[in-house]
Amino acid sequence: MKSQGKVAALFLLPYLLVFLVFRFGPSVAGLFIGFMKWNIVGDAQFAGLANFKKLFNDPIFWVSFKNTLLFLLLTLPPLIVFSLLMAVLLNQKLRFRNAVRTISIIPYVLIPAVVGIIWNWLYDNNFGILNYYLKLIGLGPIEWLTSEKWALFSIALVTVWSYLGYNMILYLAGLQDISADLYEAAKIDGATGAQAFMRITLPMLKPITSMVITLTLVNTIQIFDQIFVMTNGGPGTATLTLVQYLYGTAFQNYNLGYGSVLGIATLVILIVFVQIQSRLLKLDD
Amino acid sequence: MKLKNILIYIVMAFIGVLFLFPLLWSAISSLKPEAEIMNYPPKWIADFTLINYKSVLAQYPYTGWMMNSLIITVLSTLFVLALTTPAAYAFGRLNFKGKKVIFTLIVSMLLIPIQAYIVPLFLLVSELKLLNTFAALILVAGANVISVYILTSFFKGIPNELEEAARIDGCKDFGIFWKVMLPLTKPAVSTVTILMFISNWNNFLWPMIAIRANALKPLTVGIAQFMGGANSTAQFQYGTSLAAACMAIIPSVIVFLSLQRYFVEGITNSGIKG
């Protein structure tokens, strides 16, 4: 086929220009700024690996690193397991299933700060309705957002609440791509529902699961708004994630070089997790 | 069989309650005067009043924030479509050198979270003297990757026969794009539109960094002031913050419900096909 380079260039250039300037350029520059000592007022000075060394000796970095990992571990399993179960349930021909599907995606489309405000109210130590119900069944009260023990868990719970419907939609699409013949054949062979789920549904959904995990990691590692609104990293450093720390470092203390290194650290964690999931899911073959 | 059905509907009801209850309880609380909100035990019925809503509208430039959000979101969405539709057409339908490399480069950016480049982005935008302007948000929104990805796979899926027929009728490249391809893209463009609308409407971190002037803030950043975050200036009250939150739910839900079908397709397409 003949090359249509000139036409293609005309179609591509406007986008490429904006993409290179506002996305690709900054992404590459992020790496370089990491090697700079740069406060917003002064000029940038080359600092070699100083920012990276500082990272390893910075106790707050390690706290935020630990919090970020913990946050991923708290949100990822429920976001995969429950969304899959919800999708399997709502894939059946049931009355009201469309209504329930719709309702479960609504949290995802809400402004995260709005979600934060709503949950702060539910979580209120003294007047919150969650502690009220806990008390009715003889439990609690839990200091949801004000105790170091619970704060990160409480925010993870809100994140799960926000993203479950979104993941469910992905799984629903995957379920609808599985041929009904497979289930028919299994039924004829005398397989129970549970067996069909384990032997047909789960293996067939593997590519989707891999994608859902990747998207969930990309989404949750970036969560900033909710934490910012609900606890702003506190109490103490209990909910200080990497992204939270980055914001404080770069845009409140104006240490841009170090902030950039924290951004790179976030990216590295994300890549490591995505790699782990792709290895794990392939090992099962 | 019957017991199983009952169980299924109980689970479904539970799921519905799980997602609706926080919204419903917040809406009810926002309609109570501050003293009632703090009443214990909590009551579902009270002397409902709009006082919290009135005080939000009186004390904050709330309608201004909403207008800012609307302007930013509409312009960003249009800008994304204007840039990415032709680009996706080139990737999906045209032959040129380096196509695969450029496309891979673009799509690989999907994995890089904004945090990894937000510092350089800030420096760039401040160098361009664009801080505190809507342009800072709209230009950055234009560098969107997911819409290129979705639209490219859509263009790839259009059968060649249509294009060949148009060429025989004497259509040139631009004619094919305008007269043949664009009319076909309605479903994919609708999908991208709703995805862009929601993501720009909900955008927070970058607007908070790029826009410091209170009058220019979008709703997301304005609303964050109602809680104990770093920018909080308000004397904290549940009534006003819940009212501010509930008013923001309305446009999100209306847009979502009216374009729901495309939204679901969008989520699906953005991940699975392609």
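## A tyrosine in a loop of chain A

A:Tyr254 sits in the loop that links helix H12 (242–252) to helix H13 (256–283) of chain A. Its phi is near 55°, a positive value in a residue other than glycine. Most residues other than glycine have a negative phi.

## Confidence in the model

The model has an ipTM of 0.87 and a pTM of 0.87. In chain A the average pLDDT is 88, and 96% of the residues score at least 70.

Chain B has a mean pLDDT of 87, with 95% of its residues at 70 or more. Confidence in chain B is highest in H7(B), at a mean of 96, and lowest in helix H15 (residues 260–271), at 72. Residues 229–234 of chain B have a pLDDT below 50, and beyond near neighbours in sequence this stretch makes 12 contacts in the model. Where pLDDT is low, the predicted coordinates should not be read in detail.

## Chain A as a whole

Chain A contains 13 helices and two strands. Its C-alpha trace spans about 75 × 75 × 35 Å along the principal axes. Of its 285 residues, 43% count as buried. Among contacts in chain A between residues at least 6 apart in sequence, 70% join residues that are at least 24 apart.

## Two helices packed within chain A

H3(A) packs against helix H10 (residues 206–221) of chain A, their axes coming within 10 Å and crossing at roughly 140°. H3(A) and H10(A) are therefore oblique to each other, as the limit for roughly antiparallel is over 145 degrees. The crossing of H3(A) and H10(A) is right-handed.

On the side of H3(A), the contact is made by A:Thr68, A:Phe71, A:Leu72, A:Thr75, A:Leu76, A:Leu79 and A:Ile80. H10(A) contributes A:Thr209, A:Val212, A:Ile213, A:Thr216, A:Leu217, A:Thr220 and A:Ile221. By class, the residues of this contact are nine nonpolar, five polar and no charged.

## Where the chains meet

Chain A and chain B touch through 75 residues of chain A and 74 residues of chain B. Helix H1 (residues 5–33) of chain A supplies 17 residues, the largest share of the side of chain A that touches chain B. That side of chain A divides into 56 nonpolar, 16 polar and three charged residues.

One pair of helices from the two chains is helix H5 (residues 112–123) of chain A and helix H14 (residues 238–258) of chain B, which pack at an angle of about 140° with their axes 9 Å apart. This angle makes H5(A) oblique to H14(B). H5(A) passes H14(B) in a left-handed crossing. From H5(A), A:Val114, A:Ile117, A:Ile118 and A:Trp121 meet B:Tyr238, B:Ser241, B:Leu242, B:Ala245, B:Ala248 and B:Ile249 of H14(B). Nine residues of this contact are nonpolar, one is polar and none is charged.

Helix H7 (residues 134–142) of chain B crosses helix H4 (residues 62–93) of chain B at roughly 35°, with the axes coming within 8 Å. The crossing of H4(B) and H7(B) is right-handed. In H4(B), B:Ile71, B:Ile72, B:Leu75, B:Ser76, B:Phe79, B:Val80 and B:Leu83 meet B:Phe134, B:Leu137, B:Ile138, B:Ala141 and B:Gly142 of H7(B). The contact of H4(B) with H7(B) has 10 nonpolar residues, two polar and no charged.

B:Leu139 also lies in H7 of chain B. Leaving aside residues up to four places away in sequence, B:Leu139 touches A:Val18 and A:Phe22. B:Leu139 is partly exposed, because 19 other C-beta atoms lie within 10 Å and a buried residue needs 20 or more. The C-alpha atoms of B:Leu139 and B:Val180 are 29 Å apart, and the two residues are separated by 41 residues along the chain.

B:Lys129 is in the loop between helix H6 (118–127) and H7 of chain B. With 10 C-beta neighbours inside 10 Å, B:Lys129 counts as exposed. B:Lys129 is not a glycine, yet its phi is positive, about 60°.

Note on methods. Residues numbered from 1 in each chain as written. Chains lettered and ligands numbered in written order. Predicted model: local features only at pLDDT ≥ 70, side-chain atom pairs only at ≥ 80, totals over all residues. Axes fitted to C-alpha atoms, helices over the stretch in contact; angles between N-to-C directions. Helix = DSSP H or I, 4+ residues; strand = E, 2+ residues; numbered from the N terminus. Left-handed = near helix turned anticlockwise from the far one by under 90°. Contact = placed C-beta atoms within 7 Å. Nonpolar A, V, L, I, M, F, W, Y, C, P; charged D, E, K, R; others polar. pLDDT = per-residue confidence, 0-100. Buried ≥ 20, exposed ≤ 12 C-beta atoms within 10 Å, placed from the backbone. Parallel < 35°, antiparallel > 145°, perpendicular 65-115°, else oblique.
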